[in-house]
Amino acid sequence: MRSSTSYNLWLIAPAALMVGLFFLYPLFFSLYSAITTDEGGLTLAHLEKAFELYSNDILFTIIIVLASVVLLAILSISIAALITLSPFRSIVSLLGFIYRIPLFIPFIVTAQMMRTFLAKNGLMNNAFIASGMLTPLETVSFLGWSGIIIVFVWKQLAFCTLLITGAMAALDESQIRAARNLGASRLRILFQIMLPQITPTIGVAMILSTVTIMSVLSVPLMIGTGTPTMIATDMAFRINSYGDYHVANALGLVSYLICAGLAWFYLRQSLKDKGAI
Amino acid sequence: MLTKTKIIALASIGLTQFSGYVHADTRLNVVSAGGQNMVDYVKTYLAPKFEASHPGVKVNIVGTGPGDAGSHKILEKLSAQKNSGLENWDVDVAVVHQKIGGEMVTDGLLAKYRSDIKTGTLVTRDSAENALGVNVNGYVMPMFHSQTAIAYNSDFIKTPPKSYDELVKWTQDNPKAFGYNGIKNGMSGVSFVTGWIYAYGTEAATLSSTPYNKDIATSWDKAFSELKAFNKNITFTPGNAGTLDMLNRGEIFMGPVWVDMFYSWKDQGKIPPSMKLSLIAPGMPGQPMYYVTPAKAENAQLAREFIEMATSPDVQAEGIVKRFNWYPGIDAQHVQGNLDKATWAKLFAEITPSDLSQYGKSFPIAPYFDDIKEGYERKVSN
């Protein structure tokens, strides 16, 4: 019996080593670096500096993330619902193909694409001008916070929709049919039968999107203009410009906390749903 | 008998193959910081030239990315190799920015090689001796010199501003028509802000030389608050290329750019010919890139020969000035003879040599530079 336990330990050793070496060690090292001086003493100076210089950017990041996630939830649920419930099958299968395209386009390509599309004299505004809907003086540049949100939503929409469509397709068909037989409208089926059953999946999709959005550097660099900007840009700037890993790690700690806050909120919610709290 | 001949024939063919490998096995590792254009310069221009004159040597070029960050990676790699006590470091030639070049000399990572190469005497300018307060005499050869200036659309602006004061006035009359990229999205914006401090904070000469005086930075509050007010009248752009992009699309009419990028874009037709440059008083910073060779480079002699070739007058003329529109790294008079008049005139058409010597400044020494950037973050963008 004992020997089989040690065998099992050996079995997980390579994977555990990988996780420890390439994930846990860097994670704890960066947390450690955020709250210590070069000499190794504990300090809050880095965190203070991070808040002093970048509190606006932290707030900006939270707003961008929340706005993107809310838009993502609304859009991806609508598309998933259309795909699952719509009676027009051929149009829906076309939609099912189109919404997946952003999955295969990297963030940096999306950002570059949107930069030429959303600029003041970019493709979108030029199209409006050519079609007579706007005059050149009325055009507005979307490069800035709105552009950042557009890019994040555009890119993450495919991923979220994929997860949510999958969850919807896995629901028990008989419930939907039963509801329909009793005369429920499609909207009612969506809100009262389907959504309550797939909230965990929606939560997962939103949290994964949040983490992705927090970590993307190329989009705020290419679409955002100056200040305020997102935390990732500030971290890169601290390292590239000052070689200052401490404050960069302090900012990293702040992003962990934001993600952890959302994750906590979600876990609490899902436990509550299961009646644990 | 027949089999024996066959074996011998095969073996000799095999040997020739092998000896070929042995020959090509000398690899000269060139590591370059800076944008893709710098990597391309070494890869497409210098490396084939060097391989042709040195049979059996293969130049292996690695780019580490733009800005001081790219140079910083080279510094980190070399100091790691030094600290681990390696005998041979796997970087033979490095191309680094001015600030990091100075740090490398301070950390004892570089070889003092300038007196070993023939072209060493062709450089007399200050930036080959002094890298933002660090004495680098003998350790570096400038590859090229780069400069920032204000680009403007001459179709709309007949009399461009000649100084920061005039520029401020111009932005008040033409709100949102001037654009720059802040300090987090590329060096042209950093350079503009540095020039602002030279104009309204402390003069360039003080900030570009040691010793560092901590109290100077505290006197910049007024300059920063004026910059904050200035920022309300302008458009922010997304990066060095972003400024040029917006100039091209007519979204802004004026903005700070790198001179070499500006000329390259103009050559490729990516910005209209009506774009012109103006170097405004009291001056904007520029910087050299340095060729350096580490103290324990594996191929020390080859590295010296490589740098000698790269800083020879004809390579500087053809490669640096003509192909890439950079200002030459070695003294200009040595390069002028190797260039046709038109190319020479183009390089100095909009910014005259006298403007350049009068208003082309260095970046400040590292601690002042950090003060400027952090002051901007604290008082302007916060």
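Trainee: I know UniProt positions here use this numbering, with feature names shortened and annotations that may be inferred rather than shown by experiment. Which residues of chain A does the "transmembrane region" annotation cover?

Mentor: The unreviewed UniProt entry puts it on residues 7-28, 58-85, 97-118, 142-171, 202-225 and 245-267 of chain A. Keep in mind that this is a predicted model, where local features need pLDDT of at least 70, side-chain atom pairs count only at pLDDT 80 or more, and totals for chains, interfaces and linings use all residues. Residues are numbered from 1 along each chain as its sequence is written, while chains are lettered from A and ligands numbered from 1 in the order in which they are written.

Trainee: What percentage of residues 245-267 of chain A is helix?

Mentor: That span is 100% helix and 0% strand, with its end C-alpha atoms 32 Å apart. Residues 142-171 of chain A are 83% helix and 0% strand, and there the end C-alpha atoms lie 39 Å apart. Helices (H or I, at least four residues) and strands (E, at least two) are DSSP runs, numbered from the N terminus.

Trainee: And how many helices and strands does chain A have overall?

Mentor: Chain A has 11 helices and 0 strands. Its C-alpha trace spans about 75 × 70 × 35 Å along the principal axes.

Trainee: How many residues does each chain bring to the contact between A and B?

Mentor: Chain A brings 23 residues and chain B brings 21, where contact means C-beta atoms, placed from the backbone, within 7 Å. On the chain A side, α2 (45-85), α9 (218-222) and α10 (231-242) each give two or more residues. The largest share, 6 residues, comes from α10(A).

Trainee: What classes do the chain A residues there fall into?

Mentor: They split into 9 nonpolar, 12 polar and 2 charged. Nonpolar means Ala, Val, Leu, Ile, Met, Phe, Trp, Tyr, Cys and Pro; charged means Asp, Glu, Lys and Arg; the others, Gly among them, are polar.

Trainee: Switching to chain B: how is it divided into domains?

Mentor: Domain 1 is 2-145 + 287-346 and domain 2 is 146-286 + 349-380, with bounds from an automatic or database domain assignment. Their C-alpha centres lie 31 Å apart. Where they touch, domain 1 of chain B gives 15 residues and domain 2 gives 17.

Trainee: Why does the radius of gyration of chain B agree with a compact globule?

Mentor: Because a compact globule of 382 residues would have a radius near 21 Å, and chain B has 23 Å. The radius is taken over C-alpha atoms, and the rule is 2.2 Å times the number of residues to the power 0.38.

Trainee: What percentage of chain B is buried?

Mentor: Buried residues make up 50% of the 382 in chain B, and 31% of the 277 in chain A. Buried means 20 or more other C-beta atoms within 10 Å of a residue's own, exposed means 12 or fewer, and partly exposed is in between, with C-beta atoms placed from the backbone.

Trainee: How many residues are in the largest nonpolar core?

Mentor: It has 115, and those with the most contacts inside it are B:Val96, B:Met104, B:Ala151, B:Phe262, B:Tyr291 and B:Val292. Such a core is a set of buried Ala, Val, Leu, Ile, Met, Phe, Trp, Tyr and Cys residues joined through C-beta atoms within 7 Å. Helix α6 (residues 187-200) of chain B gives the most to this core, 8 residues.

Methods:
Two residues are in contact if their C-beta atoms, placed from the backbone, lie within 7 Å.
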